[in-house]
Amino acid sequence: MTPPPGRVDGPDKVTGAARYAADQRVPGLTHAVLVQSTIARGRITRIDTAAAEAAPGVLAVCTHENMPRFAHRPTSWLPPHAQSTVPLQEPDIWYGGQHVAVVVADTLERAHEAARLVRVDYDAETPTIGLRENLGRAYTPPDGTPGALQLVRGDPEAGLAAADARIEAEYTTAVNHHNPIEPSATLAVWEGENLTLYESTQSITYTREVVAEMLGVPAERVRVVTPFLGGGFGSKGFVWPHTYIVAAVARQLRRPVRLVLTRAQMSTSCGHRPASVQRLRAGATRDGRLTGLTHHIISHSATRDLIHFNPVASTQAVYTCPGLRVSTQVVEVDMGTTMATRPPSGPANEALEMALDELSWELGMDPVALRLANYAASEPGATNPETRFLRECYELGAERFGWPRSRPEPGSMREGETLVGWGMAGSYHRWHGMRAQAAVEIGTDGRAIVRSGTQDIGTGTYTIMTEIAAEALGMRPASVRPRLGDTRYPPGPTSSGSTTAATVGVAVREAGRAAREKVTALAVADPRSPLYGAAAGEVGAADDRLFLTARPRRGETYRQIMERHGAPVHASGSADLGTPAPSGAGSYGAAFAEVRVSAVTGEVRVSRMVSALDVGRVLNAATARSQAIGGMIWGIGMALTEHTLVDRRLGRIVTANLAGYLVPVEADVPDLDVIFVDRPDPHANALGARGMGEVAGTGTAAAIANAVYHATGHRVRHLPITPDLVLAAGEAAATE
Amino acid sequence: MRPFAYAQATSAADAVAVAGRDPSAAFLAGGTELLNLMRDGLAAPGLVVDVNAVPAKGISFGEEVIRIGALARMAEVAREPRVRDRLPVLSQALLAGASAQVRNAASVGGNLMQRTRCWYFRDAAMPCNTRVPGSGCPAIGGENRWHAILGGSDACIKVHPSDLAVALTALDATVVTHDRRIPITEFYRLPGSTPHVETALRPGELIVAVEIPAAGAGFRSGYRKVRDRASFEFALVSVAVSLDLDGGTVRQARIALGGVAPRPWRALAAENAVRGRRLTPDVLRAAGEAAVEGAAPREHNAFKVELVRRTVADVLERVGGGR
Ligand SMILES: Cc1cc2nc3c(=O)[nH]c(=O)nc-3n(C[C@H](O)[C@H](O)[C@H](O)COP(=O)(O)OP(=O)(O)OC[C@H]3O[C@@H](n4cnc5c(N)ncnc54)[C@H](O)[C@@H]3O)c2cc1C
């Protein structure tokens, strides 16, 4: 494939020409601001909107007292609804930050000011907040609870009993928030019975479905447009109430209404990753073969939306182990609904990979060798085949990093006040295929437009579909114009689960090939064409030209054919990769990190990181690398800086902005080295490409945590590893 | 954001006169703090007086004092070669603060007047005795990893966030307003039972400069900031040290702590522990210990006690020439 020069959407993004949902220019625009509950549990006893209504420029103040009833009410957590609680319908409060009013005014500033004037009195109950504080309430959720898993393979207890070496440890991970750079935004424009919704969403299809359902209008009357997205990471994967609230208010007002969530509202309005407490036991023979492994994970869940959003994936998929148990419990808390957070299986994977590191030290064995001793060529027990190149990841990564044959003793590498350490961990993400359709139109100018009703979350979908279409058509990338993010296009998948490129790519390729066949058929049937009379199979295509493969100089351009034809040619393609793939659809990798820890302050900095990844065939080296380094930076955040703190008594998130919730900044991120095995997985799909967005976000945090242990000789079993925990681990060891 | 009036002042006298018309008036310098406070509903001045045209800029090196204009930008002061050379603690503290973009816009006066980053203070929906006297302090008994271990009261355990103010405390600076001079050690108030009173400044009083005794420019000094990420983050603990050395013996020391108290915390006991001594490991340890004398940690911030001990010893050792 000839990759297009850079990202096709790059110039628009850099120059500001790219219009995101909230940037659309609409005449008569009005501005909505949400008022949110300041208590986490209880009831509204009185809501006084008089001052807000009287404030200058205010057009509407909607509360549970006057908001029209929605046409539908989900009874339990059922995607694509992101939550079952429908705000503004009842006085009950189920979580902090629940929407209790929406104010619409002629300017944003006036809407904000009026929102401040809404007075809400509550009858507050004491909320249940915090996972570790409420472990006594942990219970095993009913079968079928999303994300929960109770799995036994063989006899784990017997395996552990028979082991030569064993470890047992408890790991905890913090609440995390997605914090995409673009906050969620909705702009609703009604024209008669028809709604156009400019939305910052990972799925225009889901948005249309939910909004139509909640407003009681046929889906055909709802058009959702998402030309660009500034990330989502799961926070925009399903449809949250603010979207249909804005659509309903706009209908009532008969004016276009725009809402942009504030950064603080992003922490309560579109999900979060729950905290986890994980207990792992692992036992192995002296030569490192696992005999028994148990992984028990407890996560919090919103009471009303029972989900376990820290799914365990790698423990049962990556290694061979004759005795295995995975068990899941939940603790219900009075927080908003939890949500998939890139990558959902990260916390479970990191705990497993930290436990394996502990086992490697217990065995006195190289951690790469330990993983190789338990290598599984495919997922144990999985029915569908796969082709893994994980062994290659270990080898390539170790070589690039310069992984030592034998690790120096923990705490032994010191430069002045700095302790240096190395760590590695496995990466794994289970992706899933989806369905997609795509259409290609070749115009009379000989150029192609390729359309699919999916969206580019920022990962490079525009670029990749351009590249794939160009290849299938035999055109230059510059001759292909990609169109995404509109429900008028053939339906495409949600941008989640690392699925978009692999799924849409298959459909685009099929559409491109079909279009090329149609144009070929036109040429060979046209006496004016130099290709006249040739068999279709003899015709090749490249650089905007169709030609005889045996005599490449005999041919003509798409443009010449299409000009003569005088009408556009249309073709379509589809992909159905199974929704979702049953099992064994993983992407793999190995992460290696070097850290430098201050022996004085406990501050940890990552100085080097290598990630070797097996994602099947790499569709575009530049966008793939971008995804990988993005994932690695997420790993640094998860390992060292990112945690959401919630006040236990008030049930309020205290880190609800980017000054409180610390994502890594430039200075936290060293040069990141990414290696792709880049071999097609014939079992994945026609392209040989697997999901790749999320895999690099796994393993990196554990590699860093393992390196911190190596640097200091003290194990911190909580993520993020903040300086206080490093100091505490050292002190605990000193007093033992 | 509430509607407000806007005025521009061209001299200190002008600024003070204009601000005197409205008791809720606020001066606007770089705006990196004031505008955020206004957007978040934490400040609602009826009148904003832009002082950027007031001639209170630049840095002058006199025989007695080094004078820094209140409207000098953080970046400008930090990169001034004589500051880097003679007042390393000042340059280091400024560069450890905020980001390059913020430092280009933010002024010295505005920096001294920034409000606490206590997350309860910064969320208008929460109780906070500093913001709404008598409403309570949820940080006590709440999420207080960030909060004060020294100088707090049972009404407030906020932390003063400025790095600059810590360095200025170690440099024995004086805050100069349009009509008086206030030693930095008297500029900030401890919360006691009136946490809403944070500085000695009267309403409408304009800072025009800070002055540093020129003698301090001969001292060795340094700053270290410990934080949760490598940059663009406030201190968990910071330490500023200025040492007047006689060979290896400390003639005078000024030691100030950031991130641990509602104001830049002058660690007098630690200064006493090193005065007249050589910076041996025992003396360093004693100084670290003395620095946390009287510390009253809460549920989540006890780590700061040990962190102060270590960081004080470390900075003294570095500045003292041990390393
Ligand atoms: C993201 C972020 C990170 C930051 N990190 C740090 C950090 O790590 N360390 C640190 O020290 N600081 C940090 N800061 C704070 C930053 O240093 C201050 O915002 C800045 O110094 C304020 O200066 P300004 O000129 O922008 O003040 P303004 O916003 O203009 O004013 C701030 C306040 O001071 C008052 N004021 C301004 N000038 C005068 C004057 N001459 N006399 C009397 N009152 C006056 C104003 O009325 C207002 O109340 C950070 C800020 C941000 C936004």
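**Notebook: two chains and a ligand**

I began with the contact between the chains, which takes 37 residues from chain A and 40 residues from chain B. I note here that the model is a predicted one. Next I looked up the buried area. Chain A and chain B bury about 3,000 Å² between them. Carbon and sulfur atoms carry 53% of that area. On the chain A side I asked which three residues supply more than any other three. They are A:R116, A:R648 and A:V654, with 16% of the area that chain A buries against chain B.

**Chain A, domains**

I looked up the domain assignment of chain A. Domain 1 covers 10-125 + 178-269. Domain 2 is 343-430 + 582-735, and domain 3 is 435-576. I then took domains 1 and 3 of chain A as a pair. Their centres, taken over C-alpha atoms, are separated by 38 Å.

**Chain A, backbone**

I checked the peptide bonds. A cis bond joins A:P79 and A:P80, with omega about 10 degrees. A:P80 sits in the loop between β3 (58-63) and β4 (92-93) of chain A. The bond from A:R342 to A:P343 is cis as well, and its omega is near -20 degrees. I placed A:P343 in the loop between β15 (323-333) and α9 (346-363) of chain A. I also noted A:D678. Its phi is near 55 degrees, a positive value in a residue other than glycine. A:D678 lies in the loop between β27 (672-676) and α16 (700-712) of chain A.

**Chain B, domains**

Chain B is divided into domain 1 (5-54) and domain 2 (59-113 + 160-319). I found their C-alpha centres 26 Å apart. Each of the two domains of chain B gives eleven residues to the contact. About 890 Å² is buried between them, and carbon and sulfur atoms give 74% of that area. On the domain 1 side of chain B, B:V16, B:F27 and B:T32 supply 41% of the area buried against domain 2, more than any other three residues.

**Ligand**

I turned to the ligand last. How many residues are around the ligand, and which come nearest? I noted 31, of which B:F27, B:G31, B:T32, B:L34 and B:S107 come nearest. B:F27 and B:T32 are also named above, among the residues that supply buried area between the domains of chain B. The shell draws at least three residues from each of domain 1 and domain 2 of chain B. By type, the shell divides into 15 nonpolar, eleven polar and five charged residues.

I listed backbone contacts with oxygen atoms of the ligand. A backbone N or O atom of B:A29 lies 2.7 Å from one. A polar backbone atom of B:G30 is 2.7 Å from an oxygen atom of the ligand. For a backbone N or O atom of B:A98 I read 2.9 Å to a ligand oxygen. How much of the ligand does the protein cover? I got 92% of the 960 Å² of accessible area that the ligand has on its own. The elements giving two or more residues to the shell are β2 (26-28), α2 (34-39) and α7 (108-112) of chain B.

Note on methods. Residues numbered from 1 in each chain as written. Chains lettered and ligands numbered in written order. Predicted model: local features only at pLDDT ≥ 70, side-chain atom pairs only at ≥ 80, totals over all residues. Heavy atoms only, no water. Near = heavy atom within 4 Å. Polar contact = N/O pair within 3.5 Å; in protein donor to acceptor, adjacent residues only side chain to side chain. Areas by Shrake-Rupley, 256 points an atom, 1.4 Å probe, with all protein chains shown as cover. Helix = DSSP H or I, 4+ residues; strand = E, 2+ residues; numbered from the N terminus. Nonpolar A, V, L, I, M, F, W, Y, C, P; charged D, E, K, R; others polar. Domains from an automatic or database assignment. Contact = heavy atoms within 4.5 Å. Buried area = accessible area lost by both parts, 1.4 Å probe.
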